[in-house]
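Hello,

Here is the structure I promised to pass on to you. Please have a look at it, and then read on for what turned up.

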Protein chains: 2
Amino acid sequence: MGATKTDHFTAEQNELAVIAKALGHPARIAIMEYLIKVDTCICGDIVNELPLAQPTVSQHLKELKNAGLIKGNIEGTAICYCINEPGIEKIRGFFQHITDHLDKKRKECC
Amino acid sequence: MGATKTDHFTAEQNELAVIAKALGHPARIAIMEYLIKVDTCICGDIVNELPLAQPTVSQHLKELKNAGLIKGNIEGTAICYCINEPGIEKIRGFFQHITDHLDKKRKECC
DNA sequence: TATTTATATTGCAATATTACGATATAAATT
DNA sequence: AATTTATATCGTAATATTGCAATATAAATA
């Protein structure tokens, strides 16, 4: 095969995987970090910041947007991108969940 | 092309991407959730839990272990897997960083 | 030591991702 | 209206991932 068996998992699991996958590339981590730093920017700023061509950056932005991690507003000829808080909270909740369990049990594994 | 330009990004960015990528598959999210629930288990338990063949589960476990999200201890003929806290803290720190910035600025994007 | 039990590795086909040149789109400016 | 500015989409080559059958490994047990 090669295709992920998406239908065998819950919507929640698939949604979390989509968000995590969106962050599973150093360029997209770099974009997120840059967005944190500058708060808001346009695609061209990122093209100047990263060693990637414009279509590649555009594609990465699309994936981050699709995963709900960023949002973009049209501003003249440009599109203004920034972090989308609900998306961040979604994945952060997953890690909080894990940490809560680890704190509660506080046991050395196997 | 097709290969990720890993060398153009920082070690930190690449490490975070590896962790996120490891979680970028519903089966691996499901494995993490199962591990949270049962605290510790062997590969065979996961094979019984998920709709995937043994080699596939073994492969997913390898990726999670490689990313530092889980660890495994040999226990007779079986290998006992559980969550690796430092790996969780690493990626959780990234989201904490984002959340801290969002809280501080509290501004509607563009 | 032969068998059982549990997991890992290999090999391979199907599919997905990455990157970018070329091109399209769309709003602003001249 | 032609040009500029900024981004998106298309097409495509290179590479990576997913999933599993077959097989290998390795410790425990009979």
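To begin with a term: a salt bridge here is a side-chain nitrogen of Lys or Arg within 4 Å of a carboxyl oxygen of Asp or Glu. By that rule the side chains of E89(A) and R92(A) form a salt bridge, with 3.5 Å from N to O. Both residues belong to helix α5 of chain A (residues 85–105), where they sit three residues apart, about one turn of the helix. Over all chains, the structure has eight salt bridges.

Some housekeeping before the rest. This is a predicted model, in which local features need pLDDT of at least 70 and side-chain atom pairs count only at pLDDT 80 or more, while totals for chains, interfaces and linings use all residues. Residues are numbered from 1 along each chain as its sequence is written, chains are lettered from A and ligands numbered from 1 in the order in which they are written, and side-chain values use heavy atoms, with hydrogens and water left out.

Now to the sheets. Helices (H or I, at least four residues) and strands (E, at least two) are DSSP runs, numbered from the N terminus, and two strands pair if DSSP finds at least two bridges between them. In chain A, three strands make an open antiparallel sheet in the order β1-β3-β2. Its edge strands are β1 (41–42) and β2 (70–75), each of which pairs on one side only. Six bridges link β2(A) with β3(A) (residues 78–83), again in the antiparallel sense. Within this pairing N73(A) is opposite C80(A), and I74(A) has I79(A) as its bridge partner. The hairpin of β2(A) and β3(A) has two residues between the strands, and G76(A) takes a positive phi near 75° there.

Chain B also has an open antiparallel sheet of three strands, ordered β1-β3-β2. Its β1 (41–42) and β2 stand at the edges with a single partner strand each, so one side of each has no neighbour in the sheet. Between β2(B) and β3(B) there are six bridges, and K71(B) faces C82(B) across the pair. In the turn of this hairpin, G76(B) has a positive phi of about 70°.

What about the interface? Counting contact as heavy atoms within 4.5 Å, 53 residues of chain B touch 52 residues of chain A. The two chains bury about 4700 Å² between them, 70% of it on carbon and sulfur atoms; buried area is the accessible area (1.4 Å probe) that two parts lose on being put together, summed over both. On the chain B side, the elements giving two or more residues are α1 (11–22), α2 (26–38), β2 (70–75), β3 (78–83) and α5 (85–105). The largest share, 15 residues, comes from α5(B). There are zero salt bridges between chain B and chain A.

Last, the symmetry. With the copies superposed by least squares on the C-alpha atoms of residues with pLDDT of at least 70 in both, chain B can be laid on chain A with an RMSD of 0.0 Å by a turn of 180° and a shift of 0.0 Å along the axis. That is the relation of a two-fold axis. Of the interface residues of chain B, 98% are also interface residues in chain A, so the copies meet through the same surface.

Best wishes
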